[in-house]
Amino acid sequence: MTQANQNIFEDLGFSAEESENLRVRSDLMISLRKLIRSRQWSLEEAALNLKTTIDCVEGLLSGDIDRFQVEALITMLTHAGMKVRVEIVAA
């Protein structure tokens with residue numbers, strides 16, 4: 001048995017750069033999913049509040065990470081009244 005890294009995407013064989021990008025996107029998507037659930041938004045309400053489409057919200061909820069870029073996820077969080085902070089730490 002081998003020890004897992006803190007970034008599962010690295011363990012799956014992605015390059016350091018791509019795995020970090022995937023980790024960030026995943027974290028942002030998880031935040032959006034939690035927000036949608038905590039506010040008990042329907043698909044329509046989530047789309048309206050995030051200023052996106054129902055199809056996009058369905059992609060978020062199903063974890064379709066390839067559909068989303070960091071900028072779009074940050075924009076949706078901002079539309080929902082959230083602030084995004086970035087923390088940079090040594091590897």
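Which side chain meets that of Asp55 in a salt bridge? The partner is Arg67, with 3.1 Å from N to O. This pair joins distant parts of the chain, since Asp55 belongs to helix 4 (residues 54–62) and Arg67 to the loop between helix 4 and helix 5, twelve residues apart. Asp55 is partly exposed, at a relative accessible area of 45%, and Arg67 is partly exposed as well, at 39%.

Colleagues, please keep in mind that this is a predicted model. Let me turn to the overall picture. The protein chain contains five helices and zero strands. Of its 91 residues, 29% are buried. Among contacts with a separation of 6 or more, 52% involve residues 24 or more positions apart.

I return now to the salt bridges, of which the whole structure holds four. In general, side chains of opposite charge can pair when their charged atoms come close. Glu20, Arg23 and Asp27 are linked in a network of such bridges. Arg23 meets Glu20 at 2.5 Å, N to O, and its closest approach to Asp27 is 2.8 Å between N and O atoms. Because Arg23 and Glu20 lie three residues apart in helix 2 (residues 16–38), about one helical turn separates them. Arg23 and Asp27 are four residues apart in helix 2, so they too are separated by about one helical turn.

Finally, the surface. The chain exposes about 6,600 Å², with carbon and sulfur atoms supplying 52% of that area. Val86 is located in the segment after helix 5 (70–79), and it counts as exposed because its relative accessibility is 68%.

Conventions:
Residues are numbered from 1 along each chain as its sequence is written. This is a predicted model: local features need pLDDT of at least 70, side-chain atom pairs count only at pLDDT 80 or more; totals for chains, interfaces and linings use all residues. Side-chain values use heavy atoms; hydrogens and water are left out. Helices (H or I, at least four residues) and strands (E, at least two) are DSSP runs, numbered from the N terminus. Buried means under 20% relative accessible area, exposed over 50%, partly exposed in between (1.4 Å probe, protein chains only). Contact means heavy atoms within 4.5 Å. Accessible areas come from the Shrake-Rupley method with a 1.4 Å probe; for residues, only the protein chains shown count as cover.
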